[in-house]
Structures are given as C-alpha cells and as structure tokens.
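The following exercises are to be worked with the sequence and the model at hand. Each task is followed by a solution in steps.

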Amino acid sequence: MTDETVLTRRREIAVEHVLFKLMEYVEQREPGLLDFIEASLDHLGDNAKDATKDDEAVREIARQMVAGARRERDRQQ
C-alpha cells in the first residue's frame with residue numbers, strides 16, 4: 001500500500017467519524033436532519049469517469065451512514 005493510499009484511508013475514516021457525530025449532534029437538537037439527508041440521496045452520485053463509477057454504491061454508503069445515525073439516536077433516547 002502506498003503512503004498516499006494509507007493517508008487517504010485514514011482521512012476517510014476521520015471524516016466519516018466527524019460527519020457521523022455531526023449528524024448525531026444536529027439531529028438531537030433539530031430533529032429532521034436525517035430525513036432531509038435521506039430525501040436528498042437520489043441526487044447523490046459517483047463522480048468517477050471510468051469503469052469504477054457506481055452511483056448506487058455511493059448512495060448505499062450514505063444510506064448506511066444515515067441508518068447508523070438513526071440507530072445511535074434511538075439508542076440514546
């Protein structure tokens with residue numbers, strides 16, 4: 001694995017954690033964020049220009065993040 005690949009993976013993990021916690025925080029204080037995000041997913045796509053392009057795979061990752069935030073919200077209630 002290259003240094004760039006490792007750095008990219010670490011950055012992705014950190015960004016996902018921060019975003020997930022931000023979603024939880026906002027949803028707890030202003031319910032509706034997760035519904036808003038979920039409603040927007042039809043517009044989400046993969047910006048790749050090659051054979052790796054997979055819009056649905058990107059949407060599924062986002063759906064999983066929203067579902068995880070919902071589970072955490074429900075667990076804390």
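**Exercise 1. Identify what covers the buried residues of α1, and examine the span of this helix.**

*Solution.* The cover of the buried residues of α1 includes α2 and α3, where contact means heavy atoms within 4.5 Å. Helices here are DSSP runs (H or I, at least four residues), numbered from the N terminus. The model is predicted: local features need pLDDT of at least 70 and side-chain atom pairs pLDDT 80 or more, whereas totals for chains, interfaces and linings use all residues. Residues are numbered from 1 along each chain as its sequence is written, and side-chain values use heavy atoms, without hydrogens and water.

Next, list the residues concerned: V6, F20, M23, E24 and E27 are buried in α1. Buried means under 20% relative accessible area (1.4 Å probe, protein chains only).

Finally, take the span. The 27 residues of α1 reach 39 Å from first to last C-alpha, close to the 39 Å expected at 1.5 Å a residue; the expected span is 1.5 Å times one less than the number of residues.

**Exercise 2. Determine whether R70 is buried or exposed, and find its polar partner.**

*Solution.* R70 lies in helix α3. Its relative accessible area is 17%, so R70 is buried. Leaving out residues up to four places away in sequence, R70 touches L34, D35 and E38. With the side chain of D35, the side chain of R70 makes a polar contact at 2.9 Å; such a contact is a pair of N or O atoms within 3.5 Å, one able to donate a hydrogen and the other to accept it.

**Exercise 3. Characterise the lining of the largest pocket.**

*Solution.* The largest pocket is lined by L19, M23, I37, L44, V58, I61, A62, M65 and V66. The elements giving two or more residues to this lining are α1 and α3, and α3 gives the most, with 5 residues.

By class, the lining comprises 9 nonpolar residues, no polar and no charged.

Conventions: On a 1 Å grid over the protein atoms alone, a cavity is a set of points where a 1.4 Å probe fits but cannot get out, and a pocket is an open set with protein on both sides within 12 Å along at least five of seven lines; lining residues have an atom within 4 Å of a point. Ala, Val, Leu, Ile, Met, Phe, Trp, Tyr, Cys and Pro count as nonpolar, Asp, Glu, Lys and Arg as charged, and the others, Gly among them, as polar. Buried means under 20% relative accessible area, exposed over 50%, partly exposed in between (1.4 Å probe, protein chains only).
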